[in-house]
Amino acid sequence: MRPAVFLDRDDTLIANRSLPASPGSTPGDLADPERVELLEGAHEACRLLKRSGYVLVIVSNQGIVARGGATLHDVHATNDRLCDLLSEPDEHSGRPRSLIDAVYFCPFHPEGSVPEFTREHPWRKPAPGMILAAAEHLELDLTRSWLIGDAPRDVQAGVAAGIDAERCLRIGEGFEGVLDAAVRVLAHTRPAQVSRARLVAAEEGALRHPRVRATVASSVRALAERTGVGLRDVFVDEDSIEMEVEGTPLLAIGMAAELRRSTDAWHLAKHGTRLWRAPGQERAT
Ligand SMILES: [Mg+2]
């Protein structure tokens, strides 16, 4: 179960307040992808929250659909544009990837003109429906989650969903914008502990051959993958391997011990000798 930051859309991530009303819309409604503009600090806030391990979920009332000012398609196109603006290159592929994990919006409003969408709905903030649905779909831990919005109904929805009131932050009430609200979130987020462990080869230069180094490095990556350990980095030189993992020193030692066991077995079968010094030589920091 992962923690999330739920983000309101309008006047939290994008600027709406200055938009005039048009037929079917009220001032501030925005359903035109061409007019989406990020508020200052929005990109940075999302980037920092994402890197801190939060799932980012937008939850937005879009009563404009019930009022006939926009279609579902318009709202989707606007949200897609926002997600594109809130993206950055993927670490591995280099292709742009949105920082936003999911967008939920409520097209219903009790005073609409489009019959299909004219009613009260459990998703419409201040009701908690969107947050609860996201928590179920994305397996989120609401006790560790936060909400950032600009309206009282945003905060009310968060509290109604079971998020601690102190974790429901309102822009304009103590926070100037989404970035300083994000800083509050980060200040309360304990950094993931990072530990390192090192294995030293039994013989000097034992890892000189690129094939041996590649085998050892891919073994540690495969081990991290099957055990779910966050592997930050692997350093291999001619005589040793050092790995940096997200977790306690004991976890790092465990990773090193298992790597020693598996690669020693491989080296014994192939070359008749062990690759690493005897157990108990792992060093964790
Ligand atoms: Mg808003």
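Predicted model: local features only at pLDDT ≥ 70, side-chain atom pairs only at ≥ 80, totals over all residues.

How many Å separate the centres of domain 1 and domain 2? I get 44 Å, with the centres taken over C-alpha atoms. The assignment for the protein chain puts domain 1 at 4-187 and domain 2 at 194-284, and such bounds come from an automatic or database domain assignment.

Residues are numbered from 1 along each chain as its sequence is written, and side-chain values use heavy atoms, with hydrogens and water left out.

**Metal site**

I looked up what holds the magnesium ion and found D8 (OD), D10 (O) and D150 (OD), at 2.1 to 2.2 Å. Donors here are N, O and S atoms within 2.8 Å of the metal (3.2 Å for Na, K and Ca); water is not among the atoms, so the site may look incomplete. Along the sequence, the donor residues follow the spacing D-x1-D-x139-D.

Next I checked burial, where buried means under 20% relative accessible area, exposed over 50% and partly exposed in between (1.4 Å probe, protein chains only). D8 is buried at 7%, and D10 is buried too, at 13%.

Most residues other than glycine have a negative phi, and most peptide bonds are trans. I noted the exceptions below.

D11 is not a glycine, yet its phi is positive, about 65°. D11 sits in the loop between β1 (4-7) and α1; helices (H or I, at least four residues) and strands (E, at least two) are DSSP runs, numbered from the N terminus. With 17% relative accessibility, D11 counts as buried.

E139 also has a positive phi without being a glycine, about 55°. I found E139 in the loop between α3 and β6 (146-149), and at 55% relative accessibility E139 counts as exposed.

The peptide bond from K125 to P126 is cis, omega near 20°. P126 belongs to the loop between β5 (102-106) and α3 (129-138).

**Helix pairs**

Two packed helices are described by the angle between their axes and the distance between the axes. Axes are lines fitted to C-alpha atoms, for helices over the stretch in contact, and angles run from 0 to 180 degrees between N-to-C directions.

I took α1 (residues 42-51) and α5 (residues 178-187) to begin with: their axes come within 8 Å and cross at roughly 15°. That makes α1 roughly parallel to α5 (under 35 degrees; over 145 is roughly antiparallel, 65 to 115 roughly perpendicular, the rest oblique). Contact means heavy atoms within 4.5 Å, and the α1 residues A42, E44, A45, L48 and L49 meet V178, L179, A182, V185 and L186 of α5.

Then I checked α6 (residues 210-227) and α7 (residues 249-271), whose axes come within 10 Å and cross at roughly 135°. So α6 is oblique to α7. The α6 side of the contact includes R211, V212 and T215, and the α7 side includes M255, E258 and W266.

**R167**

Neighbours within four places in sequence aside, R167 contacts T143, R144, S145, W146 and L147. From R167 to E238, 71 residues apart along the chain, the C-alpha separation is 49 Å.
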